[in-house]
Amino acid sequence: MRRVKGQPFNLPSSPTIGLLTRENIPLFKRSRYVLVTDNQSAKGRGYAGVISTGGVTPRRGIVLPEKNCLDFAPGDIVSLGQDGSIFFVWEPATKSNAILVTEACSCRCIMCPQPPKNHDKALPDAARRVLSLVNPDYTGSIAITGGEPTLLGSEFISLLNECRCKLPNAWISVLTNGKGFSDLELAREVALLGLRDFIFCVSMHADTDTLHDSIVGRPGSFRKTQQGIYNLAKFNLPIEIRVVVLKSNHMRLPQIAEYIYRNYPFIDHVTFMALEMTGLAEQNYEQVWVDPWEYKDTLETATHELHRRGMTVSVYNHQLCILDSRTRFFARQSISHWKKSLLPVCAHCGVKDECCGVFTTSGDQLSKKISPLQSRLIA
C-alpha cells in the first residue's frame, strides 16, 4: 500500500484509522475522520487524528510538508502509525483495494515480495475498522490478502461475511496458497456464506510436488493445495490458479498448463505472473530471477494451449514489449497503481497506456529487453 512518512505527535501504539477530510466535520461525526489541515488554530478536537502541514503541530497526529499532501483525496482511508507512517489502506478512486488480515503464512516462498511475520492480532481489527468506513455503494474489487488469510480460521470466515454484508456490490478475491482448504469443513463454511461476485486465487507454481514444494519452502504443500482446490470445487466455489514464473519453472510452463487443464478443467481463470523483485525475491536473486524475454516462447505456448481448450487465461506483471505478439492479447494491467511506474525508455511507446508498467519495488532488477512499441501487434 502507498506510504508517506512524517513526524508523529502523541499517537497510540495501535494504528489510528480514519477517512481523510479537509472539511470541518461536525463534532459528533469527527471520530471517523483524519483531518488534513494547515490551520494554526485547528487542534483536531474529536478527530481520530490530524495530518498537519505548514509547521502546525497537532495535538495527536503527524506533521508533513505540504507537497506530500497534494494527492490526498477525500474518501481515502489512512492508517497513522506511531512512527509517523501514513498508510493508504483504501483508495476508492482506484477501484481496486486490498485488505491485509495477517502477515503469518504456512509457506515461505522463495520469491515472496512480502516475507512472512508472526501474526499481529491488531490486523483483523484494523480490517474491520476499514470495512466500517468504506462507502457501502463501492463497486470495485477487494483483495483479502496476507500472509495466508485462511490461517485465521473462524475469524477469516467472519471477515468474509463482513465484506459480504457491508459491501454487497463489491467483487471479492481471496489470495491464498489453498492449503487451508484441504480442511473440507473450512470450504463448507465459506460456501454457507452465500457469497456472490468473488473468487479464490490459489498459488500453484509447478506440475510436480517436488518442484512446487521447493518453491514454496514447505514439504507436502503441493498435496494440500491440490486437495484444497478440489474441496473448493466440491462446493462450486470460483477458483483462479496463479503461477509465478521464476528461474526453476519457466521452462515447464507448457507442462504446467497441461497439468492444470488435465486436473482442474473446472477452474475459472489461470494467470501467469512475473516476479516482483523485492522481499525474499530480492534476497534469493540467484535462485529466482529470469528475464521474461527468455521464456516468452514457453509462455506463448502455455497461454495458447489453455486458450484453445476454452480456459480463461491472463498474463500479469509483464510489459507488452517483452511478450510474443500473440501473447499480448492476454496481458493485463495488473500492478497496483501506487507501485507502478514507466521507464524513461517508455516515453515514446505507442502502447504505454495499455501496458502494466514496471514495479517500482523491483528497482533496476527488470528485463533488459524493455523497449518502445508502436502497437500491440496482436496476431
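**Entry 1: the model**
I am working from a predicted model.

**Entry 2: α4 against α5**
I looked up how two helices pack. Helix α4 covers residues 209-216, and helix α5 covers residues 221-234. Angles of 65 to 115 degrees count as roughly perpendicular, so α4 is roughly perpendicular to α5.

Which residues of α4 meet α5? I found Asp209, His212, Asp213 and Val216 on the α4 side. On the α5 side I found Ser221, Phe222 and Thr225. I then sorted this contact by class. It has two nonpolar, three polar and two charged residues.

**Entry 3: Phe222 and Tyr259**
Next I turned to the rings. The count comes to twelve aromatic pairs. One of them joins phenylalanine 222 and tyrosine 259. I noted 5.8 Å centre to centre and 45° between the planes, a tilted pair. Phenylalanine 222 lies in helix α5, while tyrosine 259 lies in helix α6 (residues 253-263). The pair therefore ties together parts that are 37 residues apart in sequence.

Are these two residues buried or exposed? Buried means under 20% relative accessible area. Phenylalanine 222 has 8% relative accessibility, so I list phenylalanine 222 as buried. Tyrosine 259 is at 12%, so tyrosine 259 is buried too.

**Entry 4: Tyr230 and Phe266**
I checked another ring pair, tyrosine 230 with phenylalanine 266. Their centres are 6.0 Å apart and their planes are at 55°, so I call this pair tilted. Where do the partners sit? Tyrosine 230 is in helix α5. Phenylalanine 266 is in the loop between α6 and β14 (269-273). The pair links distant parts of the chain, 36 residues apart.

Tyrosine 230 has 29% relative accessibility and counts as partly exposed. Phenylalanine 266 has 35% and also counts as partly exposed.

**Entry 5: charges over rings**
Last, I looked for charges over rings. Arginine 2 lies over the face of phenylalanine 88, at 3.7 Å from the ring centre. Lysine 296 lies over the face of tryptophan 293, and here I noted 4.8 Å from the ring centre.

Methods. Residues are numbered from 1 along each chain as its sequence is written. This is a predicted model: local features need pLDDT of at least 70, side-chain atom pairs count only at pLDDT 80 or more; totals for chains, interfaces and linings use all residues. Side-chain values use heavy atoms; hydrogens and water are left out. Axes are lines fitted to C-alpha atoms, for helices over the stretch in contact, and angles run from 0 to 180 degrees between N-to-C directions. Helices (H or I, at least four residues) and strands (E, at least two) are DSSP runs, numbered from the N terminus. Angles under 35 degrees count as roughly parallel, over 145 as roughly antiparallel, 65 to 115 as roughly perpendicular and the rest as oblique. Contact means heavy atoms within 4.5 Å. Ala, Val, Leu, Ile, Met, Phe, Trp, Tyr, Cys and Pro count as nonpolar, Asp, Glu, Lys and Arg as charged, and the others, Gly among them, as polar. Rings of Phe, Tyr and Trp (its six-membered ring) pair if their centres lie within 6.5 Å; planes under 30 degrees apart count as stacked, over 60 as edge-to-face and the rest as tilted. Buried means under 20% relative accessible area, exposed over 50%, partly exposed in between (1.4 Å probe, protein chains only). A charge sits over a ring if NZ of Lys or CZ of Arg is within 6 Å of the ring centre and within 35 degrees of the ring normal.
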